[in-house]
Amino acid sequence: MSGVPSNDTPLSSSTSIDDITDTLLATQTEFTAALSLASTLPEFESLRDAYLGRKGSINGFMSNMRLLSDNDKPKLGPIVNQIKSELNGAMELRMTGLGVVFPEPPKEDKPAKAKKQAAPEAEFVMDISKLDLRVGIITKAWEHEEGDKLFCETIDIGEPSGPRSIASGLRAHYQLTDLEGQRVVVLANLKTRKLMGFP
């Protein structure tokens with residue numbers, strides 16, 4: 001079997017897309033004839049390299065792009081890709097019919113990618129002038145029904161809307177009787193959120 005293409009047709013500087021397409025179709029016919037004779041893995045590998053490989057005759061037609069007019073240049077790539085796809089499909093079909101498969105290339109262990117190091121964070125500087133600290137009085141306090149560590153308090157910080165309901169994790173440090181009437185500092189501009197369903 002001759003698995004080597006004979007892409008010897010010289011193309012002139014006045015080559016058109018039709019000339020290259022005709023030569024490509026002739027090469028396709030040549031490949032199909034050689035493919036019908038192939039039956040072993042080395043023969044299929046030889047065909048693949050000669051016609052479909054990086055330096056194969058089908059890819060060689062791309063070098064003729066310089067000979068085409070500016071209008072025809074964008075047409076060559078899709079034509080070459082379509083013919084390569086058809087030839088690959090025909091080879092795969094023939095190999096499957098004969099029970100021949102290309103061996104899987106060994107997987108190379110890729111070196112672990114170095115994680116991108118985050119840019120050093122700028123030192124955090126807290127602007128305490130944005131904190132809304134207010135002194136309030138605990139008017140009522142009770143133990144949270146579900147939380148073992150939580151007290152629930154009603155704290156008056158002098159707002160027209162009335163006292164705030166606040167939960168605090170102080171049960172390990174204070175007795176319930178110690179809280180009512182105490183003055184406390186409240187950070188009044190924290191975003192409201194529930195602690196175990198309270199408030």
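Are phenylalanine 31 and tyrosine 51 buried or exposed? Phenylalanine 31 is buried, and tyrosine 51 is too, where buried means under 20% relative accessible area, exposed over 50% and partly exposed in between, with a 1.4 Å probe and protein chains only. Bear in mind that this is a predicted model, in which local features need pLDDT of at least 70, side-chain atom pairs count only at pLDDT 80 or more, and totals for chains, interfaces and linings use all residues. Residues are numbered from 1 along each chain as its sequence is written, and side-chain values use heavy atoms, with hydrogens and water left out.

Back to those rings. Rings of Phe, Tyr and Trp (its six-membered ring) pair if their centres lie within 6.5 Å, and planes under 30 degrees apart count as stacked, over 60 as edge-to-face and the rest as tilted. By that rule there is one aromatic pair. The ring centres of phenylalanine 31 and tyrosine 51 are 5.1 Å apart and the planes stand at 75°, so this pair is edge-to-face. It links distant parts of the chain, with phenylalanine 31 in helix H1 (residues 17-37) and tyrosine 51 in helix H2 (residues 41-52), 20 residues apart.

Zooming out, the chain has five helices and four strands; these are DSSP runs numbered from the N terminus, helices being H or I with at least four residues and strands E with at least two. Their order along the sequence is α-α-α-α-β-β-β-α-β. Of the 199 residues in the chain, 29% are buried.

Now for the charges. The structure holds six salt bridges, each a side-chain nitrogen of Lys or Arg within 4 Å of a carboxyl oxygen of Asp or Glu. Asp132, Arg134, Glu159 and Arg164 are linked in a network of them. Within it, aspartate 132 bridges to arginine 134 with the closest N and O atoms 3.0 Å apart, and arginine 134 also bridges to glutamate 159, at 3.3 Å. Arginine 134 lies in strand E1 and glutamate 159 in the loop between strand E2 (151-156) and strand E3 (164-168), so this pair ties together parts 25 residues apart in sequence. Glutamate 159 counts as buried at 17% relative accessibility, while arginine 134 is partly exposed at 29%.

Another bridge joins arginine 171 and glutamate 143 (3.4 Å, N to O). Arginine 171 sits in the loop between E3 and helix H5 (176-179) and glutamate 143 in strand E1, so parts 28 residues apart in sequence are tied together.
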